[in-house]
Amino acid sequence: MSRGRVLWTAGGIAVLALTVRELVAAPAVFVTTVLDGLTTAGLYFLVASGFTLIFGLLRVTNLAHGSFYLAGGYVGYSLREATGNWFLALAGAAVAVALLGLLFQLTVLRLVGGDPLRESLVTIGLSVVVADMTLAVWGGSSLDITIPPFLGSTIEVHGLIYSRFRLALLGLALLVGFGLWVLLHRTRLGMTIRAGVDDPLILATSGVNVPLVLSFVFGLGSLMAGLAGVAGGSYLSLSQGEDARYLLVSLLVVIVGGLGSVPGAVVGSVVVGLVQAFAQVHLPTYSVLVTFGVMIVILAVRPRGVLGGAE
């Protein structure tokens, strides 16, 4: 048996043993922690799915992705306050950030010619600009996006009480994940996108406008960040500094799951969300170290991520 299989087997046995122990000791706490981990994973997937498209698929080093998340959240907050409609705020913020991403890609990123260092520098510059502008417009205090009343209550099943909104957030993440998978693997547009990423020169000879296709993907990734900003601002809160946090989370998810893989982003989100949830319950002081430790172990066994190269 190879070293990798030995590590996977040992890890699986350890996880199973801990699961049985938690179920026997405190089943209600265990179920609640799992739900917390899965709903957090849903939010992480919404953020990381856009990063998967831009960084994992296009290989564009977009270090402003967290800023797109933050901008989407603040725009959604203003739309929610102005219209009183959460769904309108969700759609409006997603479209606004998609337009911002498209404008940036067409006017700046195209000029750097795919150079990772230049991409990093200009996207860091954009993140600084977005941070300063959001601070000037919305201030530095934490803001909460008010959720719809029918999602503001709780649901009770066999004595277990849980938030309806958190479950709805998980459902939204599943719906988005399925939609992205269908788009990339079951539509002609998805085939064109993947062909444009793998071999743009050959695709261009067939008459396809490759830059337009790649711009569409960048805009779609930005749209996902704006969508996640409203969901995250409703789930937790909005504050300065969240952009760096969610950029780091996106990197974790994409690296653990595998570059360019939507199913990989799902797996990465679930792994990071569950590990973080259980670490916060049992080792709150070291939860960040535990999360990174699990990532290191996974990459030691699967250097390309859990599903890297599997599609």
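This is a short chat about a predicted model of one protein.

Student: What elements does the protein have, and how many helices and strands?
Tutor: There are twelve helices and two strands. From the N terminus on, the order is α-α-α-α-α-β-β-α-α-α-α-α-α-α.

Student: How much of the protein is buried?
Tutor: Buried residues are 43% of the 311 residues. The accessible surface is about 15200 Å². Carbon and sulfur atoms hold 70% of that surface.

Student: And what share of the contacts is between residues 24 or more positions apart?
Tutor: It is 76%, taken over contacts with a separation of 6 or more.

Student: Switching to H12. What should its 15 residues span?
Tutor: Helix H12 covers residues 287–301.

Student: Which residues of H12 are buried?
Tutor: Ser287, Thr291, Met295, Ile298 and Val301. They lie on the same side of H12, because they cover an arc of only 130° around the axis.

Student: New topic: Glu119. Where is it, and is it buried or exposed?
Tutor: Glu119 is in helix H5, residues 116–138. Glu119 is buried, yet has no salt bridge.

Student: Which side chain of opposite charge is nearest to Glu119?
Tutor: Arg118, at 9.9 Å.

Student: So what does Glu119 touch, leaving out residues up to four places away in sequence?
Tutor: Arg59, Val60, Thr61, Leu109, Val112 and Gly114.

Notes
Residues numbered from 1 in each chain as written. Predicted model: local features only at pLDDT ≥ 70, side-chain atom pairs only at ≥ 80, totals over all residues. Heavy atoms only, no water. Helix = DSSP H or I, 4+ residues; strand = E, 2+ residues; numbered from the N terminus. Expected span 1.5 Å × (residues − 1). Buried < 20%, exposed > 50% of the residue type's maximum accessible area, 1.4 Å probe, protein only. Arc of directions from axis to C-beta. Contact = heavy atoms within 4.5 Å. Areas by Shrake-Rupley, 256 points an atom, 1.4 Å probe, with all protein chains shown as cover. Lys, Arg positive; Asp, Glu negative; His and termini not counted. Salt bridge = Lys/Arg side-chain N within 4 Å of Asp/Glu carboxyl O.
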